[in-house]
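User: I would like to go through this complex with you, starting with confidence and then the interfaces. Could you bring it up?
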Amino acid sequence: MKILVLVKQVPETDSLAIDPETGTVVRSEATSIVNPLDLYALEAALAIKDTRAEARITALSMGPPAAAVALKEAVAMGCDDAVLVTGREFAGADTWATARTLAAAIRRLGPFDLVFCGEKATDGDTGQVGPEVAAFLDLPVVTYAGAVELRDGPGGLVVRAERVSEDCGQIVECAAPLVLSFCKAVGEPRLPLLAGKKRAHDLAPRLLGLAELGLPAEEAGSRGSPTRVVRIASPRLTRETESLDARSEEGAEAACRRIVELLAEKGLVVPKDGAGREGRVKP
Amino acid sequence: MDFAPITDRIADELSRIVGPKNLIFRDAERLEPYSHDETAEREYAAMPEAVVKPGSTAEVSRIMALASRERIPVTPRGAGSGLSGGCVPQFGGVVLSLERMNRILELDLDNLVVVAQPGVVTNTINEALKKDGLMFAGYPMSLETCFLGGNVAENAGGGKAVKYGVTSRYVVGLEVVLPSGEVLRLGGKLRKDVTGYDLVRLLVGSEGTLAVVTEVTLTLLPVPKRRAVLLASFPDVPSAIGAVPRIVREARVVPTSVEYMDRASVLASCAYLNERIPYERAGAMLLIEVDGESEEEVFRAYARIGEICEARGADPVYVADNRTTMERIWNVRRNIAEAFKVRSPRQSLEDVVVPIAAIPAFMEGLAAIQAEYGAEIPCYGHAGDGNLHATVVKPAAWGEEEWHGKLAELLGKLYRLTHELGGRISGEHGIGNKRKRYIGIDLDPATLALMRRVKAAFDPAGILNPGKIFPDGA
């Protein structure tokens, strides 16, 4: 059985810096990690390998050479191979061009019984690439999967997946090949083992460029992207906030009075002897 | 002890020094939080008569002068996160809380030092230094709540002492107020200073019994660029413990941390955290952190240490090298005390320290004590520096009285075992009032007599934090 897992390298959120001029992420200052939601796709694939030793897992990513970090972590967790689609021609791709490129790579590397991906990436937050890859590959897609079970039916491999949404669960069965996107219901991803880390350290991901994919240049990267970013802006703060300095005892008292006052305005508390009326702190 | 009570007249005088808002007097409800620290056993608690919260060194000085004149005991207090009853007002009197003296006074990057007041929460120092890529390398496990002043008073250690040492390594200057009210400035922004006796070193770890610290100068280090954490699961205690001296001797790298967790600690913490790693079959675990300048350097370090663990039977050995996974592993270690508290609130958290090579012998002795008393004594801690938190948990079958009697006897045995192995009864928590009756196990009469003379030289009237360290409560 062959499983392909799509992974993306994203900046670690606590080391993020935003360029105040452009409103974009300053990537050079951020530590790179595997997109946290892709870890659930990896875990789902590795859990299958735990019970089906013959399963081979390939991790695939598109990105700059530095994206090898994410692929190495995937290998450290237990993936067998890693492939990186990289080259200047792929830069500036929107979800459409990214999905088209990844689909071309999957065709080139395949066939795969299962293509796994995370729900979405924590940087772009679109959740589009997985289903678009399925569309380009003309495969069925099951989104928001939690637990999956495999069984060998008369016509081949059948996947039974539990889909999880805000208000309901759904059990779906689908014949392979198919694309699945996973959510946190998969369970906590495994930690890499030392042996895996050592293997990943010595491994260079296989690189694929435009030529190997047989993709025309106008279909990749920014040239192949119908999306145009017109403007990037930080969202305006629509909530009105007020800071209360409670570091000193006086400040704490004033802050408490203000909180009581605000809660009283909303009718959530009834202040005793009008305590909420005094000691107003200016926003 | 011959101390005077705090009268209304004295309370008025205190109020004039710190302002009425910063005095708590005759208000049991507000005094109570100042009667104890984090020591689980409430028998070490004692109520203060008054709490004062000075805002400046001058105010501290006036409080001390007043207390000296009136023979009022004064107990300095930081965040109250201590584990030896060090800030407990044993004889009542005044608790001198340094919570309002909470400013970082100076970040002096040219001299690579920070000057801060004792009420600063330790972690905020590193938050303030983050943008400059610098750190104060002290790392008490309570760093998000404890105060710098408490770290200095107890010479706090923690989880990174293997590589970075304990608080005293970084304290180069102190401003202190003597019990008489005199203000001394000791040391400075200096890496070398042999001008007279090293009083800075004497005061760090003196448990607030010699002087009140009002300002601290700390040296800084660059923050290492890369970190990684190993979690190695061993089949049994001897294989885990035996790996520690081998790591120290053979790995040719100084790990940042080498933390040990026995099976009971691992089970309690992992269950408490709903951790998914296969911990059920672990006999004991080591958590080892390394840091360095490059990914390659850190990889080589953890690969070598991990191989030593594997050679001693560790399987699996997990590796975490990003924030999320490192936090996940450290959480297992950090939540042990909390997990045990949930299971049994009656326990005695110890912090004995032995030479690293004596850890296996200590563990054997500990197992014998457990068997003798039929009490569970889970053990975890900083194996890399021999500092182990053996935690005696009250068996359900023991009544309160039986617990008190047997605990004292058991602790006596535990401490004598420690001493015979070349160790000491406290590595980082301090003696306080909790362990004072056992100090004679470690210190001979001549040493104790000298320490008493030191105490008397600083505090002739015996008003500063009385009832600590010395067995007769002096």
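Predicted model: local features only at pLDDT ≥ 70, side-chain atom pairs only at ≥ 80, totals over all residues.

User: What about chain A?
Analyst: For chain A the mean pLDDT is 88, and 90% of its residues reach 70 or more.

User: Where in chain A does pLDDT stay under 50?
Analyst: That applies to residues 275-283 of chain A. The model has 17 contacts beyond four places in sequence for this stretch.

User: Now the interface. How many residues of chain B are in contact with chain A?
Analyst: On the chain B side there are 27 residues, in contact with 19 residues of chain A.

User: How much area is buried there?
Analyst: About 2,100 Å² is buried between chain B and chain A, and carbon and sulfur atoms give 49% of that area. In chain B, the residues that lose the most area to chain A are Lys21(B), Arg276(B) and Arg328(B), which together account for 27% of what that side buries.

User: How many salt bridges are there between chain B and chain A?
Analyst: Seven salt bridges are counted between chain B and chain A.

User: Changing topic: what domains does chain B have?
Analyst: The domain assignment divides chain B into domain 1 (8-100), domain 2 (104-222), domain 3 (226-337) and domain 4 (344-429).

User: Take domains 3 and 4 of chain B. How far apart are their centres, and how many residues are in contact?
Analyst: Taken over C-alpha atoms, the centres of domain 3 and domain 4 of chain B are separated by 23 Å. In domain 3 of chain B, 15 residues are in contact with 15 residues of domain 4 of chain B.

User: And the area buried between them?
Analyst: Domain 3 and domain 4 of chain B bury about 1,200 Å² between them, with 67% coming from carbon and sulfur atoms. On the domain 3 side, Ile241(B), Tyr260(B) and Arg333(B) lose the most area to domain 4 of chain B, together 36% of what that side buries.

User: How many salt bridges and polar contacts are counted between these two domains?
Analyst: Zero salt bridges are counted between domain 3 and domain 4 of chain B. Six residue pairs are in polar contact between these domains, both residues at pLDDT 80 or more. On the side of domain 3 that touches domain 4, at least two residues each come from α8 (237-250), β13 (257-262), α9 (263-273) and α12 (336-343) of chain B. The residues of that side comprise 11 nonpolar, one polar and three charged.

User: How many salt bridges does the structure hold over all chains?
Analyst: Over all chains the count is 48. One within chain B joins Arg185(B) to Glu175(B), with the closest N and O atoms 2.8 Å apart. Arg185(B) is in strand β9 (residues 183-187) and Glu175(B) in strand β8 (residues 171-177) of chain B, the two being 10 residues apart.

User: Last, the backbone. Which peptide bonds in chain A are cis?
Analyst: Among them is the bond from Gly110(A) to Pro111(A), with omega near 5°. Pro111(A) is in the loop between α3 (95-109) and β6 (114-118) of chain A. The bond from Ala176(A) to Pro177(A) is also cis, with omega near 0°. Pro177(A) sits in the loop between β9 (169-175) and β10 (178-182) of chain A.

User: And what is phi of Asn274(B)?
Analyst: Phi of Asn274(B) is near 55°, a positive value in a residue other than glycine. Asn274(B) lies in the loop between α9 and β14 (284-292) of chain B.

Conventions. Residues numbered from 1 in each chain as written. Chains lettered and ligands numbered in written order. Heavy atoms only, no water. Domains from an automatic or database assignment. Contact = heavy atoms within 4.5 Å. Buried area = accessible area lost by both parts, 1.4 Å probe. Salt bridge = Lys/Arg side-chain N within 4 Å of Asp/Glu carboxyl O. Polar contact = N/O pair within 3.5 Å; in protein donor to acceptor, adjacent residues only side chain to side chain. Helix = DSSP H or I, 4+ residues; strand = E, 2+ residues; numbered from the N terminus. Nonpolar A, V, L, I, M, F, W, Y, C, P; charged D, E, K, R; others polar. pLDDT = per-residue confidence, 0-100.
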